[in-house]
Amino acid sequence: MSEIKYTWQDDSPFLDERLQSYSKSGCYPFHMPGHKRTPIEFPNPYTIDITEIDRFDNLYHANGILKEAQQRAAELYKTKETFFLVNGSTAGILSAISVALPRLGTLLMARNSHKSAYNAVNLRGLETVYLLPSATEFGISGSISPAHVAQALEDLPQIGAVFITSPTYDGITSDIRTIADIVHAYNLPLIVDEAHGAHFTLSEEFPESALDCGADLVIHSLHKTLPCLTQTALLHVNSDRIDRDALENFLSIYQTSSPSYLLMSSIEQCIRFLNEEKEEQLAKYMPQLKSFYRQAKSLKHLQVFHKDSCEPESCFDHDLSKILISVGDSDLTGQKLYRKLLHNYYLQLEMCSGHYVTALTSLMDTQEGFQRLLHGLKEIDDQISLSSPRPASSPVIFGAKTPKHPAHLTSNDIYQPPRPQMPIALAMEQPAESLSLKASTGHISQEFIYLYPPGIPLVAPGEILTGKIIGIIDQCKRLGLTVEGLSDRSNQSIKAVKV
């Protein structure tokens with residue numbers, strides 16, 4: 001490996017200076033956005049920043065240049081209609097759930113959904129029925145079972161729509177084709193948050209897109225995995241089960257009344273880039289990605305996730321562009337591995353959890369980036385001193401389950417089945433009392449508690465706070481994971497429904 005020059009000075013009090021310093025540093029971005037700080041053709045933003053003036057159309061009444069741009073996006077993704085989102089996937093999720101159900105309706109939703117889905121539930125006063133993801137041997141949340149969807153719809157005729165997150169933040173997908181068939185047998189709409197899968201349609205090497213599997217509404221975050229500016233996304237209409245006029249109205253409610261032409265231009269440029277250059281980019285990217293996985297098999301202690309190590313019931317498919325690296329049976333934690341990669345090898349990863357880290361890759365990654373990541377992992381792997389050395393006759397199997405270190409906290413440990421007591425909206429409207437987190441056991445939460453990323457609730461309003469979940473939150477804090485949602489930013493107290 002050539003010497004890495006790392007010059008990032010992060011002590012500036014000014015955001016623009018700190019951003020420029022990071023951009024010029026030798027720190028490699030294994031994180032969003034998907035352009036990886038590699039410019040595609042785009043003018044100086046100050047020269048094209050406008051508002052709705054003559055000849056430039058209006059996003060919420062598009063009948064000119066913006067309508068044509070959205071039609072080109074629909075053609076690329078082969079949908080009935082596609083809408084530009086300038087408030088991120090959040091606006092798409094809020095709008096999709098709002099249009100699919102009347103106020104006070106009942107939503108069947110995956111528990112491992114993004115907080116924006118829960119915000120939609122709150123705003124519309126919805127009842128929720130949760131689908132729990134399966135547990136994988138790797139220690140992360142897996143797929144949603146089609147059988148569980150079928151059982152819920154059979155048992156609960158009041159359900160009016162279904163919401164699934166696929167892929168998950170970790171890249172795990174569910175069998176959306178089978179789920180769509182089940183949901184449509186009840187003549188209900190299926191919404192899929194495919195925010196992390198906007199690239200799926202580009203190659204058969206990726207999981208099948210929900211768009212090709214029959215989902216009615218699909219949300220894509222272009223900025224997560226494609227060369228597009230942060231906050232850009234798409235909402236796809238894929239069937240006639242959706243009232244498009246009502247959908248457009250909700251989009252105008254949940255998005256800014258001054259949509260950024262910079263962001264819309266970035267979306268258009270991304271679509272053009274994919275139409276013209278995706279084959280060339282894929283021809284470079286896919287061999288490099290596959291080579292990384294092959295070489296990672298030589299790691300003795302650290303483990304890189306691969307779908308072949310999971311039972312199909314727990315992992316229907318996995319997006320290999322999300323590289324998940326477990327600390328295995330070492331005495332490292334996800335936070336420690338994350339810090340080593342950042343401070344010793346200048347690799348900024350997307351996130352860390354209790355026992356693993358995530359390196360997010362895209363079409364714009366380079367061979368240098370993959371080589372640096374592999375180099376760093378191999379050096380760390382060679383330096384690991386196991387707390388309980390593994391016998392020579394029992395090697396670590398690539399991607400397989402390993403004995404759990406007592407200090408490790410997996411996603412299966414963190415995300416516990418909820419104990420709902422009242423709907424989210426009703427809980428948030430009740431008189432509140434502030435309790436210390438440690439003394440809140442048995443009370444009904446009036447706040448969300450989640451790790452960010454990925455923004456999936458450990459607790460939602462209306463759910464009973466158990467001693468187990470309070471202990472898990474304490475463990476997460478001690479591991480250095482980011483706990484958010486509480487109005488008390490020190491995470492010492494919580495608002496609970498007043499008894």
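**Exercise 1.** Determine the volume of the second largest pocket and describe its lining.

*Solution.* Step 1: the second largest pocket has a volume of about 700 Å³. On a 1 Å grid over the protein atoms alone, a pocket is an open set of points with protein on both sides within 12 Å along at least five of seven lines, whereas a cavity is a set where a 1.4 Å probe fits but cannot get out; lining residues have an atom within 4 Å of a point. Grid points are joined across faces, edges and corners, and a volume is the space filled by probe spheres set on the points. The model is predicted: local features need pLDDT of at least 70 and side-chain atom pairs count only at pLDDT 80 or more, while totals for chains, interfaces and linings use all residues. Residues are numbered from 1 along each chain as its sequence is written, and side-chain values use heavy atoms, with hydrogens and water left out.

Step 1: 33 residues line this pocket, and M32, Y169, H196, K224 and Y452 lie nearest its centre. Helix α4 (88–100) gives the most to this lining, with four residues. Helices (H or I, at least four residues) and strands (E, at least two) are DSSP runs, numbered from the N terminus.

Step 2: the lining of the second largest pocket divides into twelve nonpolar, 17 polar and four charged residues. Here Ala, Val, Leu, Ile, Met, Phe, Trp, Tyr, Cys and Pro count as nonpolar, Asp, Glu, Lys and Arg as charged, and the others, Gly among them, as polar.

**Exercise 2.** Describe the largest pocket in the same terms.

*Solution.* Step 1: the volume of the largest pocket is about 940 Å³. Step 2: of its 22 lining residues, H35, R37, F42, P45 and L229 lie nearest the centre. Step 3: α1 (15–24), α2 and α10 each give two or more residues to this lining, with α1 giving the most, four residues. Step 4: by class, the lining has 13 nonpolar, seven polar and two charged residues.

**Exercise 3.** Identify the residues that line the largest cavity.

*Solution.* Step 1: there is one cavity of 30 Å³ or more, and the largest cavity has a volume of about 40 Å³. Step 2: its lining consists of H199, F206, T225, Y285, S321, T361, S362 and L363. Step 3: three of the lining residues are nonpolar, five polar and none charged.

**Exercise 4.** Classify the aromatic pair of F56 and Y261.

*Solution.* Step 1: rings of Phe, Tyr and Trp (its six-membered ring) pair if their centres lie within 6.5 Å; planes under 30 degrees apart count as stacked, over 60 as edge-to-face and the rest as tilted. Step 2: the ring centres of F56 and Y261 are 6.4 Å apart and the planes stand at 90°, so the pair is edge-to-face. Step 3: F56 counts as partly exposed at 30% relative accessibility, whereas Y261 counts as buried at 8%.

Methods: Buried means under 20% relative accessible area, exposed over 50%, partly exposed in between (1.4 Å probe, protein chains only).
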